[in-house]
Amino acid sequence: MKRAILTKRSLIEENVVLKKKYDISIGLVYPSSYQASLSSLGYQVLYYMLNDYPEVFAQRVVSTGQEPAQSIETGAPLKKLDILMISASHELDYPTIVNILRFSGVPFLRDKRGASEPLVIVGGAAVTGDPKPLYPIADAVFRGEVEDMIPEFVDRLSYFTRSRKRAFLEELADVEGFWVPGIRENALIRITGDLESAFHPIKQIQNPETEPVFGRALMVEPSRGCARGCAFCMEAAITRVRRERSYQTLKHIIEKGLEVNRLSRVAFYTLSFFDSPLGERLLKFLSDKGIAASIPSVRADALNRERLELVKQVGQKTITIAPETPVLGLQRVLRKHIRDEKVLEVASHVAELGMGLKLYYMVGIPGESQDDLLKIVDQVKRVKEIIGDRRRVKVSVNPFIPKPETLLHSAEIEERRVLKKKLYLLKHELGKYAGRVDTYPVNLAYFQYEVHKRGKDALDLILKHADKVAHILALRGSRGGVEELG
Ligand code: SF4
């Protein structure tokens, strides 16, 4: 049995798990800022589920890869932990993961890690979509949702010793969802069968001195997955089946969660909030109780006046929709059809309610012409005319990136030069009708595309970006940095 000491941050935090005795230490590595980790529900699910087992002490390690990483709970250096479970929700996390490992004295190549180094397991949406780019780095990759996996994983830990990693990995390869280089490379994506009975943290990490990136709120997941089947959407492709928790269960999570965490706001985490009557029912409940809430981006065709009023009543000022493109032919390619009239109808409700509207569009869709871009400008122009105040319209334009597991996975990304031109044009034209126009950096889109295209041979590309990120962070001496690569 091992013993733990405490760090300053773990003394400030509330609901932190500390253990005096345990057999195996697991570092839950979050390759981003501490503020972002506080807003990650999946990270906290893993933390509390693993710590429910007395033999395991799961400690959080949050780092952007600028310096040697250590656990928040005990200050243990990364390389002293037995197993690292690293979240990779996005391909851009890969360079950060490399930097975290190398700054912490842990070889980033699995072949170079010996008995004195931790075993490295990576999970999250990016590797669920395609684990191959991490072939030389990860000892194992978990593809899918964790709830049903954890009991089986902990059961296999009885085989774990640092000197017999291979035996443990062979055991792990039998657990559904684990992709283990050289042992099992045909793992299917594992999804949680019954969301209603799946663990949902009620106590959540709170830090009175630090505001989470999405604001202070109880994180609540009413449903998971999306059955709409848009051809470009990896998030939905890897979860596919839409599942819900019952209203009663969610009411309990909300009531208890707000009380024990001493919070007054709920943040819903879901891909498809209004795809059943549940979303509306939850907002009515919160509105009646005078509790504030926020919802993520929703399908425009799931919105109506009543639902928008509810969103406003719970205190959300801006609603986000993603028309992607107003062009019918391109909507057909994307298999996402949001009618022009529906966008304008949402805009008029938003105008009447005095809210703001954020719209997501995509460029570089296979078959797209220059005229098609002007149709985006025209749609935003009409939205602005309806809403009146340009400052209440925000637009985000993102390049189409063919993603693994999606119907469009084998499509090509638009030529780099052309994409840059299109984004430049849209930024300029849309700026006339929107208070804010964000465009996604083309270089980062290309990184995501190329990392999958190269598959097992992506290491050089990941290392190149890791060096760039490390360089930028060293110059800035601050948090974040990957976004500057664009
Ligand atoms: S883009 Fe939205 S509606 Fe379409 S599959 Fe993804 S989550 Fe569902």
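Axes are lines fitted to C-alpha atoms, for helices over the stretch in contact, and angles between N-to-C directions run from 0 to 180 degrees. The model discussed here is predicted.

Q: How are helix H4 and helix H17 oriented to each other?
A: Helix H4 covers residues 93-103 and helix H17 covers residues 459-476. They pack with their axes 8 Å apart, at an angle of about 70 degrees. Angles of 65 to 115 degrees count as roughly perpendicular. H4 and H17 are therefore roughly perpendicular.

Q: How many charged residues does the contact of H4 with H17 have?
A: H4 contributes Tyr94, Pro95, Thr96, Val98 and Asn99 to the contact. From H17 come Ile462, Leu463, His465, Ala466, Val469 and Ala470. By class, the contact of H4 with H17 has 8 nonpolar and 3 polar residues, and the number of charged residues is none.

Q: Which strands stand at the edges of the open sheet of 4 strands?
A: The order in this sheet is E12-E13-E14-E15, with parallel pairing. Each edge strand has a single partner strand, so one side of it is left without a neighbour in the sheet. The edge strands are E12 (318-324) and E15 (436-439).

Q: What angle does the direction of helix H14 make with that of E13?
A: Helix H14 (residues 370-387) packs on the sheet and touches E12, strand E13 (356-363) and E14. The direction of H14 makes with that of E13 an angle of about 175 degrees.

Q: Which residue is the bridge partner of Arg265 in E11?
A: An open sheet of 3 strands has the order E7-E10-E11, with parallel pairing. Within it, strand E10 (residues 265-268) is joined to E11 by 3 bridges. The bridge partner of Arg265 in E11 is Ala292.

Q: What is the radius of gyration of the chain?
A: The secondary structure of the chain comes to 17 helices and 15 strands. For 486 residues the globule rule gives 23 Å, and the value for the chain is close to this, so the chain is as compact as a globular protein of that length. The radius of gyration is 23 Å.

Conventions. Residues are numbered from 1 along each chain as its sequence is written. This is a predicted model: local features need pLDDT of at least 70, side-chain atom pairs count only at pLDDT 80 or more; totals for chains, interfaces and linings use all residues. Helices (H or I, at least four residues) and strands (E, at least two) are DSSP runs, numbered from the N terminus. Angles under 35 degrees count as roughly parallel, over 145 as roughly antiparallel, 65 to 115 as roughly perpendicular and the rest as oblique. Two residues are in contact if their C-beta atoms, placed from the backbone, lie within 7 Å. Ala, Val, Leu, Ile, Met, Phe, Trp, Tyr, Cys and Pro count as nonpolar, Asp, Glu, Lys and Arg as charged, and the others, Gly among them, as polar. Two strands pair if DSSP finds at least two bridges between them. The radius of gyration is taken over C-alpha atoms; the globule rule is 2.2 Å times the number of residues to the power 0.38.
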